[in-house]
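Let's take a friendly walk through a protein model together. Have a look at the picture below, and then we will go from its strands to its cores and on to a few individual residues.

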Amino acid sequence: MTCLLCACASSNGAEEEHVLIVYFSRTGEQAGVGTIETGNTAIVAQDIAALTGGDIFELVPEEDNYPLTYDALYEYACQEKEAQARPAYKGNVPDLSAYTTVCIGAPVWHADWPMILYTFFEANKEGLAGKRLVPFCTHAGSRLSGLDSKLAKACPDCRVTEGLAILGEDAQNNPEAVQEAVAKWLKKLGLLQNRSQ
Ligand SMILES: Cc1cc2nc3c(=O)[nH]c(=O)nc-3n(C[C@H](O)[C@H](O)[C@H](O)COP(=O)(O)O)c2cc1C
């Protein structure tokens with residue numbers, strides 16, 4: 001098997017990239033994995049940060065009313081989507097002018113981005129303009145679910161590239177395979193930097 005993790009940064013131009021990873025992720029009871037302490041998307045976000053040398057910003061809800069049981073969370077998110085809610089997140093996104101590429105990740109919720117991502121897209125429209133946006137998600141079977149086209153629609157002044165979809169169960173239970181999939185995808189995008197990972 002080719003060692004994708006050994007690719008040299010100087011051969012793919014990744015050293016010219018300044019990557020920010022913005023993500024949202026939940027712990028508690030999740031589909032197919034029981035009760036988890038590190039969110040599925042958080043695991044993938046951390047892989048991306050390690051492999052690109054990028055900075056990371058988690059969208060943490062300002063008021064965290066999200067239930068910790070799966071059925072209740074499923075229903076809560078459904079209502080949030082129906083209401084087209086824009087939940088606030090804590091803190092400020094780092095200065096986007098410092099980055100060439102922003103990787104944006106979340107769990108698929110009802111075949112869409114969780115509403116807090118739309119809060120982020122709308123609040124940072126100007127800062128994101130002209131950047132390369134790289135979507136990634138974890139899911140329980142529906143893969144990317146059109147998150148890439150939804151991102152392009154929400155951020156029309158950006159360039160949206162190929163996204164990555166990782167099964168939530170794999171994020172929890174097959175970390176090495178997931179890291180390899182992440183590395184392969186980053187290499188294709190010219191973002192793989194840390195060969196020692
Ligand atoms: C509210 C809600 C809606 C979901 N909708 C979908 C869906 O439409 N398609 C899918 O494949 N998985 C769906 N899932 C499963 C999650 O995308 C999956 O478990 C994900 O890995 C959770 O990631 P996290 O731990 O980062 O929050 C849903 C889960 C929740 C809680």
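## Strands side by side

Start with Val-19, which stands opposite Thr-101 in strand S5. Strands (E, at least two residues) and helices (H or I, at least four) are DSSP runs, numbered from the N terminus. S1 and S5 run parallel and are joined by five bridges; two strands count as paired if DSSP finds at least two bridges between them. S5 also pairs with S6, again in the parallel sense, over seven bridges, and there Ile-104 stands opposite Pro-135.

This is a predicted model: local features need pLDDT of at least 70, side-chain atom pairs count only at pLDDT 80 or more, and totals for chains, interfaces and linings use all residues. Residues are numbered from 1 along each chain as its sequence is written, and side-chain values use heavy atoms, with hydrogens and water left out.

## A covered strand

How many of the residues of S5 are buried? Seven of its seven are, where buried means under 20% relative accessible area, exposed over 50%, and partly exposed in between (1.4 Å probe, protein chains only). Thr-101, Cys-103, Gly-105 and Pro-107 point one way from S5, while Val-102, Ile-104 and Ala-106 point the other way.

The largest nonpolar core has 34 residues, and Leu-59, Ile-104, Trp-113, Leu-117, Phe-120 and Phe-121 touch the most other members. Such a core is a set of buried Ala, Val, Leu, Ile, Met, Phe, Trp, Tyr and Cys residues joined through side-chain atoms within 4.5 Å. Helix H3 (115–123) is one of the elements that supply at least two residues, and its six residues are the largest share.

Leaving out residues up to four places away in sequence, Phe-120 touches Val-22, Leu-59, Tyr-89, Val-93, Ile-104 and Leu-128; contact means heavy atoms within 4.5 Å. Apart from this core lies another, of 24 residues, including Ile-48 and Leu-164.

## A buried lysine

Lys-131 sits in the loop between helix H4 (125–128) and S6. Lys-131 is buried without a salt bridge, and the nearest side chain of opposite charge, Asp-95, is 7.5 Å away. A salt bridge needs a side-chain nitrogen of Lys or Arg within 4 Å of a carboxyl oxygen of Asp or Glu. A polar atom of the Lys-131 side chain does lie 2.8 Å from the backbone oxygen of Tyr-99.

Methods:
Lys and Arg count as positive and Asp and Glu as negative; His and the chain ends are not counted. A polar contact is a pair of N or O atoms within 3.5 Å; within protein, one must be able to donate a hydrogen and the other to accept it, and residues adjacent in sequence count only if both atoms are side-chain atoms.
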